[in-house]
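Please look over the sequence and the model before reading on, and take your time in turning the model around. The paragraphs below are meant to be read with the structure beside them.

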Amino acid sequence: MNFLEKKICEEGIVLAPTVLKVDSFINHQIDPLFMQQIGCEIAKRYKAERITKILTIESSGIAPAVFAGLELDVPVVFARKKKSLTLTDGLITSKVYSFTKQEENEISIANKFLSAGERVLIIDDFLAHGEAALGLAELVNKAGALISGFGIVIEKSFQDGRQKLVDKGYRVESIARISEMNANGITFLKSEVT
Ligand code: G4P
Ligand code: NA
Ligand code: NA
């Protein structure tokens, strides 16, 4: 098991066969050193890609994205889920369908923070059905920038998010890939990281 898989086994709680609670180190409390290790691992995989910007979405994507940005020495932009009071002009938006809430939400970034020709790494904490990931990809495409790939902390490989991204030709790097989970435990797909 790699460092993240170990942590998931120690601290993760399987709430349902499709829902993993990891709020002791990702979604509520953050373990900074551990999060830095995650960010560095994502950065390492994209080191050769001459990334110029990282794009994520509030709130839980921000922490791994910032540590990857620190390592790659590039700025990090997070898409907003709610309209900001000060962020009104020059917005790029896309629609994201939430399976959990069964509603469509608009996400946005200011176009001044993402320029045509930039090489973008998209980071998020979870990859499930891939709706958020596709929404972020649409923002990058609308800006005329290039998607170098996705860096995911936890991929639920039994859901179809990865396949949707791969079908569009995108590279997907996930630090932990869960093939199955239930009350008896969590099973991971093989990983190269220790
Ligand atoms: P998706 O399946 O298409 O990814 O979207 P969904 O609407 O189901 O996801 C809603 C939220 O739940 C997202 O965070 C997503 O990252 C998160 N999520 C999806 N599966 C899991 C899971 O198994 N465990 C946990 N802990 N989270 C999961 P969000 O609402 O945008 O919140 P946040 O980023 O502010 O934390
Ligand atoms: Na997220
Ligand atoms: Na989340």
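This is a predicted model: local features need pLDDT of at least 70, side-chain atom pairs count only at pLDDT 80 or more; totals for chains, interfaces and linings use all residues.

If you take the principal axes as directions, the C-alpha atoms fill a box of roughly 50 × 40 × 35 Å. The radius of gyration of the chain is 16 Å, and because a compact globule with 194 residues would have a value near 16 Å, the two agree.

Now turn to ligand 1, which sits in the largest pocket. Around ligand 1 there are 19 residues, and the closest of them are Leu20, Ser59, Ser60, Lys81 and Ser98. This shell is made up of five nonpolar, eight polar and six charged residues, and among the elements that each supply at least two of its residues are strand E2 (19-21) and strand E7 (119-127).

Which atoms of Lys81 and ligand 1 lie 2.4 Å apart? They are a polar side-chain atom of Lys81 and an oxygen atom of the ligand. The side chain of Ser98 also has an N or O atom placed 2.6 Å from an oxygen atom of ligand 1, whereas in Leu20 a backbone N or O atom lies 2.6 Å from a nitrogen atom of the ligand. Taken alone, ligand 1 exposes 710 Å², and the protein buries 78% of that area.

Finally, two places in the backbone deserve a careful look. Most residues other than glycine have a negative phi, and most peptide bonds are trans. Glu58 and Ser59, however, are joined by a cis peptide bond with an omega of about -5 degrees. Ser59, which is also one of the residues closest to ligand 1, lies in the loop between strand E3 (53-57) and helix H3 (62-72). The other place is Arg50, which is not a glycine and yet has a positive phi of about 45 degrees; Arg50 is found in the loop between helix H2 (32-45) and E3.

Definitions and conventions:
Residues are numbered from 1 along each chain as its sequence is written. Chains are lettered from A and ligands numbered from 1 in the order in which they are written. Side-chain values use heavy atoms; hydrogens and water are left out. A residue is near a molecule or strand if one of its heavy atoms lies within 4 Å of it. A polar contact is a pair of N or O atoms within 3.5 Å; within protein, one must be able to donate a hydrogen and the other to accept it, and residues adjacent in sequence count only if both atoms are side-chain atoms. Accessible areas come from the Shrake-Rupley method with a 1.4 Å probe; for residues, only the protein chains shown count as cover. On a 1 Å grid over the protein atoms alone, a cavity is a set of points where a 1.4 Å probe fits but cannot get out, and a pocket is an open set with protein on both sides within 12 Å along at least five of seven lines; lining residues have an atom within 4 Å of a point. A molecule sits in a cavity or pocket if more than half of its atoms lie within 2 Å of its grid points. Helices (H or I, at least four residues) and strands (E, at least two) are DSSP runs, numbered from the N terminus. Ala, Val, Leu, Ile, Met, Phe, Trp, Tyr, Cys and Pro count as nonpolar, Asp, Glu, Lys and Arg as charged, and the others, Gly among them, as polar. The radius of gyration is taken over C-alpha atoms; the globule rule is 2.2 Å times the number of residues to the power 0.38.
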